[in-house]
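Hi,

Here is the structure I promised to pass on. Have a look, and my notes follow below.

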Amino acid sequence: MAIALKGANKTVALDASQLSVTSVSLNGTPSRFVFDKKRAKLKIPGIPARQSIVEITYSKEVSDDVIFGLYKSKYGSDYFLATDLEPAEARTVFPCVDEPAHKAVFRLQVTTEDGLGVIANTPIVRKESAGAGRTTYTFQETPRMSTYLFFIAIGRFEETKLTAGGIDVITATRPGQAENSHVALEISSEALLEYQKYYGVPYPLRKLHIVALPEYHTGAMENWGAIASRESYALIREDTNFRLKNRGAMSMVHEVAHQWFGDLVTMKWWDDLWLNESFATLMSYKLTQKLRPDWEMWGVFLRDEVYREDGAMVLDALSTTHPVQAHIKDVAQATHTFDSISYGKGACVLRMLEGYVGEEAFRKGVSDYLKKFSFSNATGKDLWEALGRRSGLPVASMARAWLTRPGYPLVKARVIGGKLELTQRPFRLGGGRARGVWPIPIKMRANGKQTSFILRRESARLSVPATTELLLNVGRTGFYVTMYDAASYDLLASNFPGLSSYDKAGVMNDIYLLLQGDMVKPDLYARFVSLCASSPDSVATQIVAEQLMVVNAVAPDSATVRKMVRSFYPPLLRHFGEAPIRGEPPVVGVTREYLTSLFALANNSYAEKMARLFDHYTDLDPSLKAAAAIGFAVANGAPAVMTLRDMVVATQSEVERDLLYRGLSAVRDPNLILDSLDLGLTGRVSRSDLHYCVLGAALNPQAKEILWQWLKKNYDAISKLYGGAQQFYIDMERVIPLCAVEYESDARRFLSGRRLKDGGSSVTRILEMLHINASLRKRLLSSGN
Ligand SMILES: [Zn+2]
């Protein structure tokens, strides 16, 4: 490879890692070089003045044991060679200055065996024979771009193409899968056209690939002009299970948003990573809602980004939280910020800011920002200035208050002597009394009257009558948790059936967080769970079903938990029905999937009922497949596991495997789970699957001990497979706090030896979540007995 450098320098130090460098020349003359492998630096002394060309000859051995960096994404007996370089793996593929602010123009030429296709960021401009059964591809030069966005994939691709506004949008899949890429192709093309309008900036490249990789460790990645994705996100069909189709389509819309916000304009340094991710997250919901209004995306936003068990409101209430705009000293630390705080909380804050300045001023500010910093880098401050100029409002101070401080407020609402008193303080799941004040945009309704104001002080007394009704955070756009006094909870309970969908979901979220934080008793939560069961609503039902799924994994032996499970599922199953009704809204199908599959997981006799559906599994409505697989495994044990495993091996679809693993991991005899876990880890089918079997097993109360022992045994191998990347910690943060809930001191011993050099923030977070679950378990066991 050759690098053109400008300006004189005594020594140039390039980032380079896991490469074998054989020679370096400077302007055609062989040069000395020092490869400091420990610090991953290739040092070349004596760079002359002005222009110089550094040529480096090197090779790279591609490991079979990782699915990160430059790796083999395997399927059957074949594979794609592909890259996944964020945040700092470019240096393991070519020597470079591997920082987002050091953008460069790339001119790429690839020589490979005849018959193999090559995909990179830009289109191929020349293809010629290199003799001896080899072909050379020359690619169009890229615009200035960051190294982490570089992409290359080589293999036997099948491509499908659409043209959107003169841009070729192309899906690339393994052979035989092209017909399953239409949904991703269509929604990406629609998104591309919509973003051009929204941003007021044309798509900067000539083509956009979506490359479906059979083995991929995370969800998808926004490489400029060549989005890479796991198959279950890109290979979805119109008749795919709606929840999974929605997840995949959203992910495409997210990555297309980045083509401008992130790729055209990039953060200066990783402390503004959130800017990329929060923005793409917000836009993916906004735009998908616009393109597919019946998908009801804002309910999905609350469920998946904000309220989930490792969502923004949970992670940000831990002592290990970090500000959205975190101080990042090196790339190792950057890895730990790809979390729900950067994606979910940041998106909530941006949504709040959009509400503050208005949709049009927000859009115009974003457009100004993109135009001003095209092909360059920017910071959060640059965006606030652009939004401030367009709106004339003090955006920067509002943004600073929410983005540069960790955590969020607990707002206590009490009615004293006919007046409403609101007080705020930081909310911590692990207890402790911190102080701090946020400017909170309060939207509330009392006695039928709605008011909005900003609570800037620690407390406020309002002359607002709240004798028949009191609800804070109406519409759930505020990022805070509300705790009421006993009388106001009684009012809330009597008004609950009349609340909107998002308000019901939000009330349930707040009470559940307070339960986790030991600030309300299990009885209060149980009372509202029954209210949810008697006033059915899709979004609230999904939120509560997820909460009960966690509670059932943490304390399945608690009488209170068993009572809640029995009071919640049956009435809602009667309401939503156990069979799809033609023409029903898609969100109802998702709710049914939650109810049938999670009740089957928690209750043996219901599982046996669902097992009967398995007889015609192939023709079953996709929303019932998870419940049928779980039921089949629970009711039949070993023979079911054999059948399900054969189906996992036989199917070509990762989406189908996701559903089948739900069954495999639900089987009651824990020894039968081991094979499924090994199936994911060894990659006999696909190493992408590890994620599904481990997460599934963590929810199976019978599998806790065996999963924990298995994880300890394989922890280092899994970490290596993921290349130590963020996805490893994201999975561990979900799994360990559930499966090790009865082995807290063992987990502490085991993980304390594995803290990372950067302070091990993810490991500390895992242990903190584990402690919260362990103490919740104790309280649930002692309540109601
Ligand atoms: Zn992203």
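How many of the 18 residues of H1 are buried? The count is 13, so H1 is largely enclosed by the rest of the structure. Buried here means under 20% relative accessible area, with exposed over 50% and partly exposed in between (1.4 Å probe, protein chains only). Helices (H or I, at least four residues) and strands (E, at least two) are DSSP runs, numbered from the N terminus.

Before you dig in: this is a predicted model, where local features need pLDDT of at least 70, side-chain atom pairs count only at pLDDT 80 or more, and totals for chains, interfaces and linings use all residues. Residues are numbered from 1 along each chain as its sequence is written, and side-chain values use heavy atoms, leaving out hydrogens and water.

Now the zinc ion: His254 (NE2), His258 (NE2) and Glu277 (OE) coordinate it at 2.0 to 2.1 Å. Donors are N, O and S atoms within 2.8 Å of the metal (3.2 Å for Na, K and Ca); water is not among the atoms, so sites may look incomplete. Along the chain, the donors follow the spacing H-x3-H-x18-E. His258 sits in helix H3 (residues 242-258) and Glu277 in helix H4 (residues 273-291), 19 residues apart. Both His258 and Glu277 are buried.

Helix H5 (residues 297-307) is mostly covered too, with 10 of its 11 residues buried, including Trp298 and Phe301.

There's also an open sheet of 5 strands with mixed pairing, in the order S15-S16-S17-S19-S18; two strands pair if DSSP finds at least two bridges between them. Its edge strands are S15 (158-164) and S18 (220-221).

Cheers
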